[in-house]
Amino acid sequence: MIKIVEVGPRDGLQNEFSMVPTSAKIDFVNALSRTGVNEIEVSAFVSPKKIPQLQDAAIVFEKIHRVKGVVYSALVPNEKGLERAFQAGVDKVSLFTAASETFNQKNINTSIKGSLARFRPVVTQAGKRGRPIRAYISTAFWCAFEGKISAQKVVNLASSLMDMGIDELSISDTIGKATPDDVEQLMDSLLPIVPPDRIAVHYHDTYANGIANVLKSLSYGIRTVDASVGGLGGCPFAPGATGNVSTEDVIRALRNAGETLTANIDRLLQARELLNPYLPAPSLPETDPPDCSTCEFFNNGLCCGRHELTL
Ligand code: HMG
Ligand code: MG
């Protein structure tokens with residue numbers, strides 16, 4: 001069986017310019033709870049100055065109706081976030097760091113080493129309260145600022161996180177640029193040190209490789225897939241990244257591949273429709289590649305990653 005982690009309420013809504021009302025978020029999570037997904041990443045207990053869109057995390061957790069069997073998780077960056085998350089009654093804590101130093105500085109204002117130091121007391125406290133802990137490794141393949149990330153960097157970081165006592169690693173293609181070959185290269189190096197039942201995959205879909213990457217990951221025995229309904233998502237500190245691979249596409253593709261999934265596509269789409277009044281309609285795909293020289297992130301031949309065709 002494949003486990004779906006629906007990250008729309010967190011990864012999706014953190015990246016929207018518009019502020020979705022708290023009541024709509026609660027309705028969205030409640031509707032997602034009835035879709036058959038296994039876990040819902042409800043929100044993030046991060047700095048409200050950095051991500052104002054999710055500053056109502058505690059209220060959302062307080063008001064949702066939890067369905068038995070569904071895991072309600074949240075992003076936690078530090079001890080302060082953990083305390084807030086415990087008060088809100090999260091089932092599972094999700095830490096996040098990256099294999100790229102530059103992205104880490106922009107996203108969490110510290111180095112890779114600094115992030116690990118921050119995590120240690122969080123892991124100890126979460127362990128004492130019996131909460132499972134996930135850790136994301138962002139920019140596991142490509143970074144908007146550093147380009148291609150070596151598999152060895154990811155393996156080293158994964159190894160430190162496993163030694164610390166992390167239960168699950170979510171290997172993340174933050175800017176959605178990985179190909180199945182990139183996935184193969186990383187998984188060949190990672191699987192000898194992390195068993196597949198402790199790995200989740202988190203693919204953004206900027207280049208429409210998300211489904212191919214999920215299928216490649218499954219061929220390694222990985223059974224946990226992050227996705228967001230309607231392909232919502234992106235990270236405000238990863239320029240050019242679009243949403244996560246959509247939950248409905250993942251379900252269709254994996255069912256076609258003969259896998260068993262509990263989630264219901266119609267109910268997922270009904271849940272996504274609840275957000276329609278608050279989110280802009282999806283934009284049409286670009287017909288021409290944008291002009292790289294106008295990209296504010298252009299630097300030494302690297303930009304947000306979407307403009308490479310014009311370099
Ligand atoms: P910092 O900038 O180093 O500063 O924060 P600080 O720790 O000194 O705190 C600064 C202020 O924030 C202080 O308030 C703190 O109290 C407050 P002030 O004194 O200025 O009034 N603060 C907090 N408030 C509430 N909850 C907290 C908290 N922590 C500090 N937990 C920090 C470091 C990591 C907290 C900050 O940089 C931050 O919140 N970053 C979050 C960035 C983020 O959420 N990014 C998006 C999620 S990651 C992602 O999308 C990738 C992923 O999807 C996987 C993938 O696709 O790659 C997971
Ligand atoms: Mg993400």
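Where in the chain is Thr139 found? Thr139 sits in the loop between S5 and strand S6 (142-143), and point 5 comes back to this residue.

1. **Before you start.** You are looking at a predicted model, in which local features need pLDDT of at least 70 and side-chain atom pairs count only at pLDDT 80 or more, while totals for chains, interfaces and linings use all residues. Residues are numbered from 1 along each chain as its sequence is written, chains are lettered from A and ligands numbered from 1 in the order in which they are written, and side-chain values use heavy atoms, with hydrogens and water left out.

2. His202 and His204 are both buried (buried means under 20% relative accessible area, exposed over 50%, partly exposed in between, with a 1.4 Å probe and protein chains only).

3. **Contacts of ligand 1.** Around ligand 1 there are 29 residues, of which Gln14, Lys49, Asn107, Ser138 and Thr174 come nearest; a residue counts as near if one of its heavy atoms lies within 4 Å. An N or O atom in the side chain of Asn107 is 2.8 Å from a nitrogen atom of the ligand. Lys80 places a polar side-chain atom 2.8 Å from an oxygen atom of ligand 1.

4. **Cover and shell.** On its own, ligand 1 has 1,100 Å² of accessible area, and the protein covers 77% of it (areas come from the Shrake-Rupley method with a 1.4 Å probe). Two or more residues of the shell come from each of helix H1 (8-12), helix H4 (79-88), helix H5 (101-108) and strand S5 (133-138). H4 gives the most, with three residues. Helices (H or I, at least four residues) and strands (E, at least two) are DSSP runs, numbered from the N terminus.

5. Most residues other than glycine have a negative phi. Thr139 is not a glycine, yet its phi is positive, about 45°. Ala208 is another residue other than glycine with a positive phi, near 60°; look for Ala208 in the loop between strand S9 (199-203) and helix H9 (210-218). Are these residues buried or exposed? Thr139 counts as buried because its relative accessibility is 1%, whereas Ala208 counts as exposed because its value is 61%.

6. **A loop residue with a polar contact.** Thr35 belongs to the loop between helix H2 (22-33) and strand S2 (39-44). With a relative accessible area of 2%, Thr35 is buried. A polar atom of its side chain lies 2.6 Å from the backbone oxygen of Leu32.

7. **Towards the end of the chain.** Ala271 lies in helix H11 (residues 265-273) and is buried, since its relative accessible area is 0%. Asn276 comes in the segment after H11 and is partly exposed, at 42%.

Definitions and conventions. A polar contact is a pair of N or O atoms within 3.5 Å; within protein, one must be able to donate a hydrogen and the other to accept it, and residues adjacent in sequence count only if both atoms are side-chain atoms.
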